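Me: I'm new to this one. Can you walk me through it in short steps?

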Amino acid sequence: MMRSLYSAVSGMRGFQTKMDVIGNNIANVNTVGFKASRVMFHDLISQTLSGATAPGDTTGGSNPQQVGLGVGLASIDTPMTPGAPMMTGVPTDLAIDGNGFFVVQLSDGATQAYTRAGNFHIDSNRNLVTSEGLFVLDTGGAPIQLPDNTKSVSIDKNGNVNCLLDDGTTQTAAQIGLANFANPEGLQKIGNNLFVETTNSGTADVQAPNQGVFGSITSGALEMSNVDLTNEFTEMIIAQRAFQANARTITSDDQMLQEVVNLKR
């Protein structure tokens, strides 16, 4: 009886975590470049009531008898599947068609972070920056800055930032860098659509877009969230029902305990 109570408690904790993850996914359904997470479970230790026996000359073998003792959180994965592109017509809105992450410089001036959100802007110093004002870096790891006399800007599929100058000539100011990782799912979220390296993601391989395994750049478009609302609502209903079932198990055990106590009085 007590084993079922503790198993149900572990189930409630697990499904509460799953509900938290699902709620965050749904909240970010319209967040540019957001990558949804998913919760995976595994069973905990099992109590062995009897071990397996080998077959003999006169009897067959028997399987082990075990009672499971609950559920645990195996992982919270972040699949890096692409989101649907949304056309905006803004030249500095960029989407990656394929593998790779944009590279930005954090406010400490030394740490690099990575993002699939390409809603960039030109600041008053003509730097290409994120919505939070972080510098977007080129293939050499330097901030991208446009010439003083830039009249308009366009970005091609290879990431070249082409500037039309006041005198009518065109100048390529920089080439946007893309980073790829041996294990992109090993990146760690730090908020603001940004990821940083971890010991399990591998180090960043920064190259030019549209080269080898790296994707190409689409200007005038944004990659939207990869959240599938249909799947999220389905998983939410399943998690709610599972949470309720575990709660009922605890309630049932509590009633049984109370009945035992009453009988002993």
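Me: How many aromatic pairs does a search of the whole structure find?

Reply: Five aromatic pairs. Rings of Phe, Tyr and Trp (its six-membered ring) pair if their centres lie within 6.5 Å; planes under 30 degrees apart count as stacked, over 60 as edge-to-face and the rest as tilted.

Me: Take F15 and F41. Why is that pair tilted?

Reply: Their planes stand at 55°, so the pair is tilted, with the ring centres 5.2 Å apart. The two residues are 26 residues apart and link distant parts of the chain. F15 is in helix α1 (residues 2–27), and F41 is in strand β1 (residues 38–43). Helices (H or I, at least four residues) and strands (E, at least two) are DSSP runs, numbered from the N terminus.

Me: What should I know about the model itself?

Reply: This is a predicted model: local features need pLDDT of at least 70, side-chain atom pairs count only at pLDDT 80 or more, and totals for chains, interfaces and linings use all residues. Residues are numbered from 1 along each chain as its sequence is written, and side-chain values use heavy atoms, with hydrogens and water left out.

Me: Back to F15. Buried or exposed?

Reply: F15 counts as buried, at 17% relative accessibility. F41 is partly exposed, with a relative accessible area of 27%. Buried means under 20% relative accessible area, exposed over 50%, partly exposed in between (1.4 Å probe, protein chains only).

Me: What kind of aromatic pair do Y114 and F181 form?

Reply: An edge-to-face pair, with 5.0 Å centre to centre and 80° between the planes. Y114 is in strand β8 (residues 112–115), while F181 is in the loop between β15 (178–180) and β16 (188–191). They are 67 residues apart. Both Y114 and F181 are buried.

Me: New topic. Which domains does the chain have?

Reply: The assignment gives domain 1 (1–48 + 65–78 + 228–264) and domain 2 (84–224). These bounds come from an automatic or database domain assignment. The C-alpha centres of the two domains lie 40 Å apart.

Me: How many residues does the contact take from domain 1 and from domain 2?

Reply: Eight residues from domain 1 and 11 residues from domain 2. Contact means heavy atoms within 4.5 Å.

Me: What area is buried between domain 1 and domain 2?

Reply: About 890 Å², of which carbon and sulfur atoms give 54%. Buried area is the accessible area (1.4 Å probe) that two parts lose on being put together, summed over both. In domain 1, V32, K35 and T78 lose the most area to domain 2, together 60% of what that side buries.

Me: How many salt bridges between domain 1 and domain 2?

Reply: The count is one salt bridge. A salt bridge is a side-chain nitrogen of Lys or Arg within 4 Å of a carboxyl oxygen of Asp or Glu.

Me: And what do the side chains of E223 and K35 do?

Reply: They meet in a salt bridge at 2.4 Å, N to O.

Me: Last one. Where is S216 found?

Reply: S216 is in strand β19 (residues 216–219). S216 counts as buried, at 15% relative accessibility. Leaving aside neighbours within four places in sequence, S216 is in contact with A95, I96, D97, K157 and N210.
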